[in-house]
Amino acid sequence: MPVESGSSAASRQAKQKRKSHSLSIRRTNSTEQERSGLQRDMIEAQDSKLPLSLRSNLLDLFSQIEREFENLYIENLELRREIETLNDRLAAEGQTVEGADLAKGALKTKASHSTSQLSQKLKTTYKASTSKIVSSFKATTSRAVCQLVREYVGHRDGIWDLSATRSQPVVLGTASADHTAMLWSIETGKCLLKYTGHQGSVNSIKFHPTDQMALTASGDQTAHIWRYMVQLPTPQPVADVSQPACEDDVDFSDKDEADGELEGPNDCPCVRLPVTTLRSHQGVVIAADWLVGGKQVVTASWDRAANLYDVETSELVHSLTGHDQELTHCCTHPTQRLVVTSSRDTTFRLWDFRDPSIHSVNVFQGHTDTVTSAVFTVGDNVVSGSDDRTVKVWDLKNMRSPIATIRTDSAVNRISVSVNQKIIALPHDNRQVRLFDMSGVRLARLPRSNRQGHRRMVCCSAWCEDNTSCNLFTCGFDRQAIGWNINIPALLQEK
């Protein structure tokens, strides 16, 4: 028999090892394929309302998370072994130099230095490995209890603005791109009245301080003042659709569930003619508000001007010019003759009408993008929001720099400030609504999931503090307004 040389035998063994290794790889791959196929079969067999593709995506994402945590676990074990090895080595060195005090001091210094290095390495490795996952699952304890109370559905296009009446009966008003404004019963969600006098998008709605009159601004370059008379229906018990607010509500679907035409309220009475029509703007009237006392109104337009009108005569009293680009919002002080206008030119201006002979104006340049809104508080503060993803709180007595700055992850639309609880409600382009206190501390985020919350951009927020079931309202381009109940613990309010 031929004798096999040592080199040929070694090469044959290497080939066999490579062959067995390739077989094990193929066997592993086939096992993973069988496992993935089994998982798909399990997904298909499960009774779930989620689409199969979405469930598969979720499974892939959780598998990636599981692998990340597995890697972290392995790294943790390796670091633990390094720590044990270091401790054993230090213990052995300590035994050898036990008799020398100087050696003990040197050993302690060396051990402390090595331990601190290892601790720093452990922290750095942990932070680097977990930053991607922890940032996604970061949870902040909510300091406010937020509950969805009611949805107000009936508009056929996005809702730009909303506000609640300041006098009895307390109703909610909404202004929509469908050329209408609607009044709603806060307690029942029923439409009480529809205003159809505008020929363009209704961009703003504000109520008279004492009378049953509404002021609306429109894309038809006019502002209308119209009267309403409503009778509130008897509240009916409804099913509780609210859930406690959670900072990590999962949004299972980004699709708009309201893409179909909504059936508007057909039995809702209509008001078709205004009491007063305010004309003189050469562009879209984007916002309007009543001055204190309700005898004058101010309007803001895309023609870069704000106009002050006399309500009784409909005459133009002052034209407030100076902004370099289109205006985005205007707001009046609740107790003083002050007006603040915001603009796309990244500034907002404070107009003072307290002295009839002097109409002073101050320009504030605190943002780097469009100022979407600036509102007064009951005290001596102005709060401004911008597309630069910041909200700033200013002191009227010293407007050189903000006293608080809130940084967010999305553009901020029309903000509002609670009178009683001093909370700022921030509606965002990314469909979120966040609550902050006046010092810039985050209190809560309103729930948003596939079951509740807005599904499109949130355009505006408004507070109502007249002992109704809802004390905060939001509206968005998903054609609905939502009433929320916000409860802040008394301890936080005192702070």
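**Salt bridges and surroundings**

Author: Seven salt bridges are counted in the chain. Please bear in mind that this is a predicted model.

Reader: Which residue forms a salt bridge with lysine 206?

Author: Aspartate 161 does, and the closest N and O atoms of the two are 3.4 Å apart. Lysine 206 belongs to strand β6 (residues 202–207) and aspartate 161 to strand β2 (residues 159–164), so the pair ties together parts 45 residues apart in sequence.

Reader: Is lysine 206 buried or exposed?

Author: Lysine 206 is buried, because its relative accessible area is 17% and the limit for buried is under 20%. Aspartate 161 is also counted as buried, at 2% relative accessibility.

Reader: And arginine 344, which residue does its side chain meet in a salt bridge?

Author: The side chain of arginine 344 meets that of glutamate 326, with 3.6 Å from N to O. This pair links distant parts of the chain, 18 residues apart: arginine 344 is in the loop between β16 and β17, and glutamate 326 is in the loop between β14 (316–321) and β15 (327–332).

Reader: Where does arginine 434 find its salt-bridge partner?

Author: Arginine 434 pairs with aspartate 409, and their closest N and O atoms are 3.1 Å apart. Arginine 434 sits in strand β25 (residues 433–437), while aspartate 409 sits in the loop between β22 and β23 (416–417), and the pair links parts of the chain 25 residues apart. Arginine 434 is buried, with a relative accessible area of 10%, whereas aspartate 409 counts as partly exposed at 43%.

Reader: Changing topic to the nonpolar core: which residues touch the most other members?

Author: The largest nonpolar core has 25 residues, and Phe348, Phe376, Val383, Val391, Ile415, Ile424 and Leu426 touch the most other members. Strands that each supply at least two residues of this core include β16 (338–343), β17 (348–355), β20 (381–386) and β24 (423–427).

Reader: Which strand gives the most to this core?

Author: Strand β19 does, with four residues. There is also a second, separate core of 18 residues, with Leu172, Met182, Cys191 and Cys268 among them.

Reader: What of nonpolar residues on the surface, which ones form a patch?

Author: Tyr73, Ile74 and Leu77 form a nonpolar surface patch, with about 280 Å² of accessible area together. Tyrosine 73 is part of helix α2 (residues 52–96). Tyrosine 73 is exposed, because its relative accessible area is 52% and exposed means over 50%.

Reader: Now the backbone: which peptide bond is cis?

Author: The bond from glutamine 168 to proline 169 is cis, with omega near -5 degrees. Proline 169 is in the loop between β2 and β3 (171–176).

Reader: What is phi of arginine 304, and where does the residue lie?

Author: Phi of arginine 304 is near 75 degrees, a positive value in a residue that is not glycine. Arginine 304 lies in the loop between β12 (296–301) and β13 (305–310), and is partly exposed, with a relative accessible area of 44%. Threonine 346 also has a positive phi, of about 75 degrees, although it is not a glycine. Threonine 346 is placed in the loop between β16 and β17 and counts as partly exposed at 23% relative accessibility.

Reader: For the chain as a whole, how many helices and strands are there?

Author: The chain has four helices and 29 strands. Of its 495 residues, 44% count as buried.

Methods. Residues numbered from 1 in each chain as written. Predicted model: local features only at pLDDT ≥ 70, side-chain atom pairs only at ≥ 80, totals over all residues. Heavy atoms only, no water. Patch = residues over 30% accessible without salt bridge, like charges linked within 9 Å, V, L, I, M, F, W, Y side chains within 5 Å. Areas by Shrake-Rupley, 256 points an atom, 1.4 Å probe, with all protein chains shown as cover. Salt bridge = Lys/Arg side-chain N within 4 Å of Asp/Glu carboxyl O. Buried < 20%, exposed > 50% of the residue type's maximum accessible area, 1.4 Å probe, protein only. Core = buried A, V, L, I, M, F, W, Y, C linked by side-chain atoms within 4.5 Å.
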